[in-house]
Each structure stands twice: as structure tokens, then as C-alpha cells.
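User: I'd like to learn how to read a few features in a structure, one at a time. Could you walk me through them?

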Amino acid sequence: MILNPTLPDRQAVLEQMSDHPAVKAMLDWSTEALIDAKFEFGELTVTVAPEKIREACVRLQAAGYNFFDDMTAVDWQPATPRFQLSYHLLSHKFREYIRLRAFVDGADPVIDSITQVWPAANFYEREVFDLFGIRFAGHPDLRRIMMPDDWEGHPLRKDYPVEGYR
Amino acid sequence: MATVGTTPEITNLGGQHMVLNMGPQHPATHGVLRLVVEIDGEVIVKIRPEIGYLHTGIEKTCEAKFYQQIVPLTDRINYLDPLANNLCYCLAVERLLGLEIPERAQWIRVLLTELSRLNSHLVWLGTHAMDIGALTVFLYTFREREEILRLFEAVAGQRMMTSYFRIGGLAMEPPPGWFDRVQAFLNIFPEKIDEYSNLLTGNPIFINRLKGVGYLSGADAVALGVTGPPLRASGVDFDLRRDMPYSGYEKFKFEVPTSTEGDTWARYVIRLVEMRESVKIIQQALDGMPGGPIKAYAPKIVLPDREQMKTGMESLIHHFKIVTDGFPVPAGEVYQGIECGHGQIGYYVVSDGTAKPYRVHMRYPSFPTLQALETMCKGRLIADMVAVIGSIDIVLGEIDR
């Protein structure tokens, strides 16, 4: 295994990876678009503001990250902002995954849907809605997918007990 | 708190349309898949998959377990390709830990993952042909699958839920004579593929049921997140084993079959060719099997051998500590993708520096591929839908997790 160097913050990524197609695409868009970045374990992570998520996906898709691979959320309670959304994009051309992140607040978690960019995100966003209670604005069919329709609570939140409510 | 909608009925049925409910208990849905299908006569207008009947909350369970206790959970997700699940999870955690896996362990992992792919493809072929009406093939493929399961049993003690790959290597050395048994299986297996092919490839009924059915274009496949054989059948030449090699796949020579037909027939042909390529990989693994240890040297992470544990104080302490307290994994997040029988698996592991993962998310290929079902079936007959479900090789355990 080749141990890749770790670039812990935005500054280091901008200095050493400005040629990277994903970093370049973000910089060409706007200098403020990239609010955070890191390179760890051989993976590039770029963080954008939640209101810019759809635009970021359009830009990255145009830059060669053509395949939407996966999307999920992480609940960082009690930290604020509470929810981290992680989108994993794959480039068939560059043979590489990148992670796109956005953080949303816990009080009324809502973020734009990216189903207009990748229809594949449809089920994934429904899953995150179901299990985390994060809403996706502009989703064509936002309803529970795993749990029954009348289920109470969102099981993957950290304040939901592993055994469920009894 | 988010508002929750209820499952809507399909409304505005224009003129002669009707709704047909297929599943969740239906032999052609390969599990508990429920499809709400709007039809016009026998022609499909709309398909709405309803899933979640097998949801067991594995991702939530993972957050309450030590890292090493999650390996058996991964088997249960895709029960046809258990070793690929083990491999993907172990690779993800090993990357977080920075563990270097000995070459022998990597090669045995490749060998077993390919056997597991054969297992997955054999079950697919048998059940797919059975859906179409060719019942005989099922008996033939399960005969060979039985031999593969015996090989798994010999090496792991379990036929289906193997849990043989562990974080840092393998559970134990394969028993004496095991590699000869694999070789004996490989010697007969290519003929068996010919046998299946003879039963199906020239069969006019099979051809008519499959050719031109369930067309999916390459652009649609990418947009809908389709991976694995259905993606390659639509002309997108991408295979993680070749393009982003893991666990030493770069040392093996194999072809990745593709087709531009994009129909059910192309998916059938591609899987048959993939079986032959897997045989090649297993043969290379057998021929070049390196010696050496099967576990990484990391006493605080990898369980010691039984013998050492009984004779060495240090090993006993390490064993006790790993089993009772687990081992801390450095904080960070990784996403590991591998290619299993159906398509790409991805494990997203987030660590907060403790002995239990903060979050584990699994991406499994059938989940996005199910979204492409409507695109493939629209405007075709109900009976074609059964052929298409078979051809995307759906596993409900991995959709619901």
C-alpha cells in the first residue's frame, strides 16, 4: 500500500493540488465555493456551502466526475451544524472517487435535491430523508423508503436508541 | 421535524389503465420486492418499486459494535457474494488503520472473492433461466454451486456466511489439500459453463425472451447509477478490479467483457464470459500463490494464533484486550469501492477515534439499479419485466440492509 501524504486543510490542498480537476473546477467557479478541503487516505474531500450543493454537482459532473456512486449523512450531534452530507462521486475517466460534503443545521435540516443532476440520487435521498429526517428541496417523490409510512422518528440519528423506542 | 408523506396510490389512471401489485411474495422477484405496476392491457406504463421489507438496520447496528464484530454482519447483506462484502469492509478499515496486508493473504482474498463471484453468477444463471421457464439449468448450476460452498465450508467452517476475511488478513490458513480441491474444481468447471451455454445460448425460446428486451442505454445506465455487468452490457467499459485495483488485482491478467447491445441478452452473455474470466484469475492465483503469513503483524489489532495465545503471556493479554475492548481506529473517513458479482460495493466508514465506528454506510449495487427498472421495462409486456428483473441480478438483502 502506498501511503499518500495527508493534506489536512483547505490551504494545503490549494497549494499542492491546484491541478486536480475537482479542485480546479471549484476554483474556476468561485474562490469562495470551496469552504473546506482535505486529502486523507488517498481521497480528496471538498466541502461546499449547503445552498451551493446542486451547482457544485453540476460543476463536478462537467469536470469529469460523471458517476454518482453514493450519498449518505452523518449525525454529529451535539455539534453544530449537526448533519454532514457526504456525496461520493466517481470519475470513469480519472479512475478516482472524490467526496463532496455539505453541513446542514439540526433544527430544520433541508438541502437541495440533486436528482436533477443525477437521477440515481433519488433513492439515496429518500433513504437519508427516512433515516435521518433531512428534507431535500425539489425531490420528485420524497417519502419514506425503508421504514413503514407511519414510523415515528429517524433511526440513524444518534439520539435514536439502537434497540428502538419501547 | 420532517413531515412524512404516505405511500401514494397511482392516480389519474387514464382510460384503460389498471394497477397490478406484484410481490412482496412472488417467486420471480428474488426476495421480498414489491412492484406496483401500472399497465395498459399487458403493456407496462409505470413501475413503482416499494422496498424496505427486509430492512434490519444493519448500519445502525454497526455503530454499537466493535470494528471486528461487524465482519459477520456484512455477510448477511448480500448472501450470494459473502466474501466480497467481507473484503470491502476489511479494506476500508485497513486503510483507516494503515495496515499492510501480506501478499499471501491478498492472493487468497482474490481467489476466494472470484470463487464467490462464480457462486453469485451461478445462482443468477439458475434463477434467471428458471424465471424464463428453462428449469433444467437451475439443477445444473446448483450442482457446481454446491462444490463452491463446500470449498467455502472447508476454509471458513461456514457454507454461506463465511466471515473468513478479518481486519488485517484472514481468519486462518486454508486446510491441507484445499488448493488441490480448488484446482480439481477449476479443471471441470469450464466444461460446465459450456454445458449451461449449450442449454441456453442456442435455445430459440430463451433467445426470443431475451433479445431486444429491457434495453438500457449507456447514458441512462450512468445517470441511474447502474454498475457491474448491466453497466458493461450498455457499453460503458468500467470495472473497478481493472481500473482501480485493490487487494493486488493489478497482478492478475483478465479481460473485462463489454457489449453495446444494452439488452437482457447482452447481460446474459457478459456474465457467462465473466465466469470464464474468473476461472482464469483463480488459476493465476493458484499458480502463483506466494508463501508467508496470512495476517498482518499488528498484535494490538489482529488476534494471535491459538497456539501463541496458550503459550505466550503477551499474546494472551493482546487477545483479551482485543476481544473485550476492541481496538481504536484513527479518526477519519474512507470510502472503499470494490467490484462484486452484481456491481460496485462501497463502504463508507467514519471513525471518531474509538473502538466502535461512528458511522458505517454501505452502497450496494441493486439499490440504484432498481431505479433503472422502469426505464428498461416501459412500453414492454409484463412477462418481459420478469426477464429484466432476473437480468439485473437483484438481491433484496442488499437493497434493504
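User: Where is Tyr164(B) placed in chain B?

Analyst: Helices (H or I, at least four residues) and strands (E, at least two) are DSSP runs, numbered from the N terminus. Here, in a predicted model, Tyr164(B) sits in the loop between α5 (135-156) and β4 (165-166) of chain B. Residues are numbered from 1 along each chain as its sequence is written, chains are lettered from A and ligands numbered from 1 in the order in which they are written. Local features need pLDDT of at least 70 and side-chain atom pairs count only at pLDDT 80 or more, while totals for chains, interfaces and linings use all residues; side-chain values use heavy atoms, with hydrogens and water left out.

User: Is Tyr164(B) buried or exposed?

Analyst: Buried means under 20% relative accessible area, exposed over 50%, and partly exposed in between (1.4 Å probe, protein chains only). Tyr164(B) has 1% relative accessibility, so it counts as buried.

User: Which residues is Tyr164(B) in contact with, leaving aside its neighbours within four places in sequence?

Analyst: Contact means heavy atoms within 4.5 Å. With those neighbours left aside, the partners of Tyr164(B) include Leu83(B), Asn86(B), Ile108(B), Leu112(B) and Pro174(B). As for Leu115(B), 49 residues away along the chain, its C-alpha atom is separated from that of Tyr164(B) by 13 Å.

User: Why does His318(B) count as buried?

Analyst: The same cut-off applies: His318(B) counts as buried because its relative accessibility is 15%. This residue belongs to helix α13 (residues 313-325) of chain B. Apart from neighbours within four places in sequence, His318(B) is in contact with Pro299(B) and Lys300(B).

User: How do I read the radius of gyration of chain B?

Analyst: The radius is taken over C-alpha atoms, and the globule rule is 2.2 Å times the number of residues to the power 0.38. For 401 residues a compact globule would have a value near 21 Å, and the 22 Å of chain B agrees. Along its principal axes, the C-alpha trace of chain B spans about 80 × 60 × 35 Å. Chain B has 17 helices and eight strands, and 62% of its 401 residues are buried.

User: In what sense do β3(A) and strand β4 (residues 83-91) of chain A pair?

Analyst: Two strands pair if DSSP finds at least two bridges between them. β3(A) and β4(A) pair in the antiparallel sense, over eight bridges. One bridge partner in β4(A) is Phe83(A), which goes with Asp75(A). Strand β3 (residues 67-75) of chain A is mostly covered, with nine of its nine residues buried.
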